[in-house]
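Hi everyone, thanks for making time this morning.

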Amino acid sequence: MKDTNCIFCKIAAGEIPSKTIYEDGTFRVILDISPATRGHALIIPKAHYANIYELPEDMAAAAMVLAKKLALHMSEILKCDGFNIIQNNGETAGQTVFHFHMHLIPRYGDDGNQDKICWNHLELSEEELEGICQKLRQ
Ligand code: AMP
Ligand code: ZN
């Protein structure tokens with residue numbers, strides 16, 4: 001399954017060169033071209049799924065297992081102090097490449113980013129929280 005207009009399909013297939021740090025039959029993991037920190041990498045499935053809604057469950061599970069393994073491996077090699085795993089879905093959520101991918105972002109004390117990669121905090125009432133909770137439990 002491949003989208004001929006998709007840059008990550010081409011990268012995953014090896015048609016466009018990339019800084020590949022890991023590859024198996026299902027995934028290619030590359031260094032981000034515009035990294036947040038030293039070692040920022042992307043887990044890219046070789047098959048085209050636009051986002052997590054389209055991603056089959058077994059692929060989602062395999063991607064998370066790989067993220068866990070690479071978090072350990074990269075942290076050991078890069079000697080980072082922390083690690084963010086981020087995955088964006090939809091333009092509103094910051095997705096810019098519409099082929100599912102997970103960001104692996106090693107964090108360093110001096111990396112110049114905010115501690116948390118970053119959102120504002122809402123102040124919701126107990127009733128509002130309860131309303132959301134009830135809706136989501138349906
Ligand atoms: P997102 O905003 O979650 O869709 O992330 C897309 C990421 O892909 C960004 O961090 C980009 O820097 C990265 N990116 C885009 N094109 C390339 C490329 N050709 N090689 C490596 N990373 C890329
Ligand atoms: Zn694609």
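Before I talk about elements, a quick word on terms: helices here are DSSP runs of H or I with at least four residues, strands are E runs of at least two, and both are numbered from the N terminus. Please also keep in mind that this is a predicted model.

Let's begin with the overall layout. The protein has three helices and five strands. Reading from the N terminus, the order of elements is α-β-β-β-α-β-β-α. Along the principal axes, the C-alpha atoms fill a box of roughly 50 × 40 × 25 Å.

Now to the pocket. Where does ligand 1 sit? Ligand 1 is found in the largest pocket. That pocket holds about 330 Å³ of space. It is lined by 19 residues, and those closest to its centre are Phe8, Ile30, Asp32, Ile33 and Leu42. By class, the lining splits into 10 nonpolar, seven polar and two charged residues. Helix 1 and strand 2 each bring at least two residues to this lining, and helix 1 gives the most, with three.

Next, the ligand itself. There are 16 residues around ligand 1, and Asp32, Asn88, Gly94, Thr96 and His103 come nearest. What is the make-up of this shell by class? We find eight nonpolar, seven polar and one charged residues. Which elements each supply at least two residues of the shell? Those are helix 1, residues 7–12, and strand 2, residues 27–31. In the shell, too, helix 1 gives the most, with three residues.

Asp32 has a polar side-chain atom 2.5 Å from an oxygen atom of ligand 1. At Ile33, a backbone N or O atom lies 3.1 Å from a nitrogen atom of the ligand. Gly94 also takes part through its backbone, with a polar atom 2.9 Å from an oxygen atom of ligand 1. As for cover, ligand 1 has 500 Å² of accessible area on its own, and the protein covers 81% of that.

How values were computed. Residues numbered from 1 in each chain as written. Chains lettered and ligands numbered in written order. Predicted model: local features only at pLDDT ≥ 70, side-chain atom pairs only at ≥ 80, totals over all residues. Heavy atoms only, no water. Near = heavy atom within 4 Å. Polar contact = N/O pair within 3.5 Å; in protein donor to acceptor, adjacent residues only side chain to side chain. Areas by Shrake-Rupley, 256 points an atom, 1.4 Å probe, with all protein chains shown as cover. 1 Å grid on protein atoms, 1.4 Å probe; cavity = no way out; pocket = protein on both sides within 12 Å on 5 of 7 lines; lining within 4 Å. Sits in = over half its atoms within 2 Å of the grid points. Nonpolar A, V, L, I, M, F, W, Y, C, P; charged D, E, K, R; others polar. Points joined across faces, edges and corners; volume = space filled by probe spheres on them.
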